[in-house]
Amino acid sequence: MTPGDRQRQRQGLGFLLPWLVGFLFFSVYPLVASLWFSLCDYSVLAPPVFLGTKNFTDMAQDPVFWQALRNTLLFASAAIPLGTALSIGLAVLLNQPIRARGFFRTVFFLPSLVPVISLAILWQWVLNGQMGLLNTLLAYPLRWVGEILGTSCPPPDWLNDPLFAQWGLVFTGLWGTGHAVVIYLAGLQEIPAELYEAAELDGTNAWQRFWHVTLPLLSPVIFFNVIMGVIGTLQTFAVPFILTGGGDGPGRSLLFIATYIYQHAFRYWNMGYACSLALFLFALIALLTYWVVRLGETRVHYAGR
Amino acid sequence: MPLRTPDLHFLLGARVGRGTIKSPEQWLLVLFLGLGWAGCSPGEDPRARGRVVVEYWEKWTAYEGDAIAAVVEDFNRSQDRIFVRRLTVSKMDQKLILATSGKNPPDVAGLWNTYLPAYVENNALLPLDRWASESGLREENYLPVFWEMCRHRGHLWALPTTPSVTALHWNKKIFREAGLDPEQPPRTLAELERFNETITRKKPDGSLDRIGHMPQEPGWWMRDFNRWFGGKVWDGESRLLLDSEPNRRFFAWLESYPRRFGGPAMDRLRGGFGNFASPENPFFTGKVAMVMHGVWLDNFIRNYAPPDFDYGAAPFPTDEANPAFPVSVAEADILVIPAGSRHPREAMEFIRYVQSPPAMEKLCLLMKKFTPLRDVSPAFLRNHPHPYLRVFLQLARSPRTVPILNLPSFNEYSNDIEANVNEVLRGSLTGEEGRTRLQGRQQKALDDKLARWRRVAAGRESTWCRELAETP
């Protein structure tokens, strides 16, 4: 190794060092510490007291935890497929050679630039049961449906009705699909035009081309977005927290695992229990991500391989 | 001529000549760094020089924040040894505990009294018994309920500043419209519900246009509502009392609401309510005719209600089976000295100043509240703008007025009762189901907190005795 190589190596390590230090202090240490705290009663102010597995047995018997888990999984299972379908659909449309394509791409991307706090407050009003924009739009068609059926069909009270609150949150999430659309657009532009020409020569229609050419070749991008979606939706916190004013929503329908962790850690001063919840969430995310990766091994088509 | 600067070579890259700034981009970078540096350094008040600086965290903003600022300013002018630097802090209950655990707390902080037991049991505060008694701040100076709420586990931990008690507020115009005597508020809950039926107005589709009273508006005292039924949340030792007869009556009363008015209809009406501090407050818009509120409501009526808004205030009605009248719950802002305060003696000096009658009356007058002190000057009563101040004073002095709930598991209980009560009011749970569920869950939360306390109790007591002995 020449003196120049050694100097470059030192420089490289020097540039890496801030990240390494940050990773050790802000990722590795909290992870290890939370493993220890999850076995303790820890109020933050007093030293932790070892309890064994009590926090985990409490968790298994805690009905609010199970409700938060059910809410989280239900939300993820609605938000990920809907978000994926909508963003792929929008990306395909925005990939068509239409006039003012750049303008439409910008329009669909812009909402994802809105800060999450503003987004939540905005949607509080959009979803307002009495004077919200969404219900104002729904009022006329629902009245029409009601007249046909001979009954009254009031629009849903999105944020006050446990049946609809999670759907309200799903719609809020769809508002930010612009980010995924951009990634799908990049993926779509990577698909060789010859494949579409060949498929056309084989007499396929537009749907067949989408199903047999676009989707398989877009599958690595879908795979990436689904993994990010799983991680993101299981960690949902800010928007429901603001939509409910820091509460749990009607019938606790907007209480998610991340919110429940926050409540125990910072409002109830049960940091030990919060750490056991956080570890559970970590394991759940790891497990689902592993499952998606395994699924991807057979379903994702990499053109280079 | 390029400006000589510190060596920015590392930041600006190889194109930059050592020690000089040449391009506009580099000027921009220096400008941003300078702004960042300026933004990070606190602008020191010149009056703080040479004085002991007491860091004071306070939660209030807007007109309440201005009131605190005025008293702090008076204190800083009144002497030349201590300078109190006030910082407005949101989510005080959470941030103070984190700052204390990080050994970087303020010297003095303004909390709500409800958090006191949890803070005390987690060793987050300094006991004030000896300081208070040597400063001449004694129990007999205060209205009993406000002194009582500053004590826990046999010690004094705080001193009250601006207090409040809750009372019924009713819209006289709506009373007149409904054919009720606007000067005769309900005295019992049965009467309140009769008035409620008379006042409530439904639209042709069955939805509510206006309601006389609903427990969720504003719903801030749900955990204390059982007091008007003669009930208590816990025995003060170890057991929740939600299975007691008064608590059963309380939940039965809640259950009657969705039966009479419809849970979804009430939810839909609430969906249209605006914020408390806005002209869309449902009491100001006439959507709700009777509400339970604190002494502060008058100030918000002046600021946000229509100019001709005509209201009254009286003790909130009690259940027929509860002979006690008038009943109310009291709460207060309190000043505490966090454990780890760097200048506890000076912090106490500030607290003592705020507790002096002139400062306290100024603060409470600016906040449009009454004072927690037993003696009130005639000028305070004369100058106070609240038209029903005497109602609140009468309630504050009533032996049947009790401090707002002080449970070691207060936050868990508040969250859970709100969730359960909302389900009962929606009609998705019966009163019995809500009550039983709450008792089971919250007894466990309380047991856990008490178990934590038992593990540390002996150590805490000796720490506090040592702190008291070391009091300067």
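A: Happy to! Two residues are in contact if their C-beta atoms, placed from the backbone, lie within 7 Å. The contact between chains A and B takes 24 residues from chain A and 27 residues from chain B. On the side of chain A that touches chain B, helix H12 (residues 257–267) of chain A gives the largest share, three residues; helices (H or I, at least four residues) and strands (E, at least two) are DSSP runs, numbered from the N terminus.

This is a predicted model, where local features need pLDDT of at least 70, side-chain atom pairs count only at pLDDT 80 or more, and totals for chains, interfaces and linings use all residues. Residues are numbered from 1 along each chain as its sequence is written, while chains are lettered from A and ligands numbered from 1 in the order in which they are written.

Now for the close look. Tyr142(B) sits in the loop between helix H6 (129–134) and helix H7 (144–148) of chain B. Tyr142(B) counts as buried because it has 23 C-beta neighbours inside 10 Å; the cut-offs are 20 or more other C-beta atoms within 10 Å for buried, 12 or fewer for exposed, and partly exposed in between, with C-beta atoms placed from the backbone. Leaving out residues up to four places away in sequence, Tyr142(B) touches Trp147(B), Pro160(B), Pro372(B), Leu373(B) and Arg374(B). Of these, Leu373(B) is 231 residues from Tyr142(B) in sequence, yet their C-alpha atoms are 4.3 Å apart in space.
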